[in-house]
Amino acid sequence: MPGENGSVPARDPGDVPLVGRDEQLAAVRAALGRVEGGGSAAVFVEAEIGVGKSRLLAAAGEQARAAGAVVLAGACLDIGDASPLHPLRQALRRFGARRWPEPGPTTGSAAPGEQTATGELDAVRHLLAVLDGEPASRDGSGALLERLASGLAGIAGERPLVLIIDDLQWADQTTRKLLLYLLAGLGGSPLLLLGAVRTESLAGDDPLRAMLAELRRLRTVRVLRLPPLNRAETTLLAASVLGRPLDPATAEPLWQRSGGVPFVVEELARELRDGRSGPSETLRETFLARIDALAADAHLVVQAVAAGIEPVSHALLSRVVPLDEERLLQAARDAVSQRILTASGDGYRFRYHLVREVLQARLLPGERIRSHRRHAEALASGTGGELQHARLAHHWRLAGEPMRALPAAIAAAREAERLGGHAEAFEHWHTALDLRRAVPDPAADAPDLVALGRLAVAAAHRCGEHERALVLAQRLADDLTGTPGRADEPAPAWLRMLRARLLAAVGRLTEAEIEYEATLAASGVGAAERVAAAAHAADLLRQLGRYAEAGKWAQDALELARGVAGCTSSLVLAGATLGYSQAFLDDHAAGVATLRAAGETARRSGTPLDVAQADLHLAELLSGPLNELAEGVNVARQGAADAERAGLGRSHGARLRAVAANGLFRLGRWAEAEREVTAALRHRPTDADAVELLLARCRVHVGYGHLDDSERALESVETLLAAGGGVRQMIPLLTLRAGIAMWRDRPGAARAAVQHGLDLAESRSDDVWLQAALVWHGLRAEAEARVSRNGTPDQETIDRLRAVADRMAEQSATAPVRGAVAGYQDLCAAELTRVAGRSDPVRWARTAEVWDRLNHPYPAAYARLRQAEALFGIRARNTEAAEVLRAAYRIGRRLGAGPLVAEIQALAVRARVTLADPPATAGPEPVPRANDDLASLTGRERQVLALVARGHTNRAIAAELFISERTVGVHVSHIFDKLQVRTRVEATLIYERSGPPPSVSR
């Protein structure tokens, strides 16, 4: 971007790498290859200011110099014919300074290299003398161009000459003639001309424009358009400045603000690096200088577009800007030609968002109010098409007219709801609420404040903004308390119900239960409200794992609903909760049938929210306690897609994808599980919705062995649950904590996590399926303590775990979840033999078979590892043990289960077992073919990725590879771009499933 004199502020060209210009550099290399055999060629680069022409030319010059060419580089000045042939003079002086930084007299006989240098120096001096018109240059006869061409040939000798001229838009007439003379092949030596032109500086009758138009026809000339960077390239360039990868929340706004212009990207990235978010002073002055250079009419147009919401249609602009049609068209054309605005079929936009940002900050308050009032009046008149409620509300609000903005905000909210845009609807309802509060004495027909508040809270809840909804609900309570004559009245039932639902959504389940109980116990509660309270209380008890109580409350809700109109949503929720309870406790078939009936009711006469709720209950049940994994995953995936289409992706859609991820994890399809979580996180879920996703992702991380990432995920979950979480989140969290602790050889920490989980389960839940994995982890931790150097078994804990396991077996003996719990019961029984110091291979074999039947490959592989370990321990069946260990290894490798595979390999080393199958039986284990994605990586990038996969930080990678930390960051960004991933975990997943398996043989 230009400074005050139109030039780009000086930057260190080596400060950041050249990004996104491989295609243009390849074109220059191809042109250089053509001229090496003789003749001439040219590559001209056209681009907007700040896009990186000069940096590209510098990089091309370095490549040519490295290839043995003589490179002369200069730039034209913005002073017309006042300095003829200035770029050639500058190029020669730079060349001389580069070749002979400290020139001195030459004496005696010179070596061949010294003779060449002396000849070059004489040629440069001679040519400068020609340019300066000194007598020494007058060698008799011949035109100036011929003498110049001859001098350039003397400098190049037998080598190709690369002449680089930047800012050709300012080239004087003599320079243009010289270039044409050289391109005609009259210079006598191979020549590659590289030139850069600012497209916005070429007027219609500019002689250079005509010259380039003619040159385009030549086979030896290429004119390249240098575009701004795309999203990925912008992110990579910014990361190189920051010295670290950008998170998506930072990368997208940076790309939008910069428009992909490298100069702007670098300036914004430096501000971020230094802890500032606004544009730098350099950028601000750069853009303001361009705006101030506009004519007065064009300046008015730009100001009007800055106040509007892009795109601003021409019809709207004609009412906002006080110019007649001809002057308006000319002003808009000037703003577009100066690259401030862009024009398309739907109106005018700023070419770079940052220009709008800088211009808005410059406007006086009165100017802003006047512009917004003009926009609002134009929109209210219907000019330019159908009335646009959201824009109208925006402009009236900023014009200081809240009561004129309020009806438009309400209309915008209703329109967004009609189209399924719940997040947008919430923002409009929130705006309407703020506008209504901004008027202390509204007219009699003004919308009711409490009614607006209810609509805003409901919209926030639908789109997953639960915390904001809870704050609004509290303000609603304050509004009601402040109403005359109602100060001593308790909160109405609808408000308590609303608050209870929001408390449950943010994970404060105990508080939610208290609110529901108070609502049901209160007098004066309407029939529909009582049905809703009972249905939601039932679902809350289901979330708490108290299924018997949940079923009773759900049945009560259905009884209360008889003859009550307008409670479809409560009927769906109560039916889904009752079905879940039935299926879990006593009747699989009846429970699933009840759940499916609730789903049909929702689809027939309910809302998309009701449908998503029914799908969520069914998917959780099938892919969890009932172990019907494939069907459960299908229901969850389809339900998530439906929820996202209905605008519920941030709440119910996220939960459904978490359910799908958990089912896929149990099936051993971990990469698919990770993709489900990634897809859901793009909706930015919050509170309990985010908790389920983070737990699902953590299961995958622990399986792969990304323990640091797992612990960070659990820390995030604990933060979200700090206000009070239920056992359905806390017990899985503590189970994962125990698993991580065991892989880190900290059995004491694992024991503490399990003890905490048991305390919660015994006091708050009858969910045996949820407890089963926790109890197994507890007994496994005691078994690990027996063989670990960092602990010893605790008999009191073992006795407690044994008692819980016995109680689980009794509770699940006749329940439909018995099949799913049976695998954990066998794991517990087998772990007890390990705890006792006599691991039983028969029990482990039976456990592996149970998990095979349940279609859970990971615990099956774990059981086979322990079976092989027990067989090796009795030293009589080593052949069988080796076969079992190989089977466990194959499953672990297929899953990518890093810690499990490492333990298998360690046992193989101790037992002197080759993990690949012997040739006499099945032949060597096939080596997986490298994933095609990795083929795009360079050798160095593969080295960096391998260290990333091992959990190394950028600093550790830099130390190991003897490169700078910034260079590592650039490599990591390249890797992310090529593999189309956004996190180190995703890159690691691709790496681990692409390389050959590690082999262990002794």
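Let's start with the rings: there are nine aromatic pairs in this structure. Keep in mind that you're looking at a predicted model.

**Aromatic pairs**

- One of the pairs is Trp670 with Tyr858, a tilted pair with 5.7 Å from centre to centre and 50° between the planes.
- This pair links distant parts of the chain, since Trp670 belongs to helix α31 (residues 670–681) and Tyr858 to helix α40 (residues 857–874), 188 residues apart.
- Are these two residues buried or exposed? Both Trp670 and Tyr858 are buried.
- Another pair is Trp776 with Tyr824: the ring centres are 6.3 Å apart and the planes meet at 45°, so this pair counts as tilted.
- Trp776 sits in helix α36 (residues 768–787) and Tyr824 in helix α38 (residues 818–835), so the pair ties together parts 48 residues apart in sequence.
- Trp776 has a relative accessible area of 5%, so it counts as buried, the cut-off being under 20%.
- Tyr824 comes in at 16%, so it falls under that 20% cut-off and is buried too.
- There's also a cluster here: ring pairs link Trp776, Tyr824, Trp844, Trp851 and Tyr862.

**Charges over rings**

- Arg780 has its charged end over the ring of Trp743, 4.9 Å from the ring's centre.
- Arg542 lies over the face of Tyr580, with 5.1 Å to the ring centre.

**The sheet**

- Now for some strands: five of them make up an open sheet, ordered β2-β3-β4-β1-β5, with parallel pairing.
- Which strands sit at the edges? They're β2 (70–75) and β5 (221–225), each pairing on one side only.
- From one strand to the next, the twist averages 15°.
- In general, strands of a sheet pair through backbone hydrogen bonds, and they can do so parallel or antiparallel.
- Here, β2 runs parallel to strand β3 (residues 161–166), and six bridges join the two.

- Helix α2 (residues 53–66) lies across β1 (40–47), β2, β3 and β4 (191–198), and runs at about 170° to β4.
- Helix α6 (residues 173–183) packs on the sheet as well, touching β1, β3 and β4.
- The direction of α6 makes about 135° with that of β1.

Definitions and conventions
Residues are numbered from 1 along each chain as its sequence is written. This is a predicted model: local features need pLDDT of at least 70, side-chain atom pairs count only at pLDDT 80 or more; totals for chains, interfaces and linings use all residues. Side-chain values use heavy atoms; hydrogens and water are left out. Rings of Phe, Tyr and Trp (its six-membered ring) pair if their centres lie within 6.5 Å; planes under 30 degrees apart count as stacked, over 60 as edge-to-face and the rest as tilted. Helices (H or I, at least four residues) and strands (E, at least two) are DSSP runs, numbered from the N terminus. Buried means under 20% relative accessible area, exposed over 50%, partly exposed in between (1.4 Å probe, protein chains only). A charge sits over a ring if NZ of Lys or CZ of Arg is within 6 Å of the ring centre and within 35 degrees of the ring normal. Two strands pair if DSSP finds at least two bridges between them. Axes are lines fitted to C-alpha atoms, for helices over the stretch in contact, and angles run from 0 to 180 degrees between N-to-C directions. Contact means heavy atoms within 4.5 Å.
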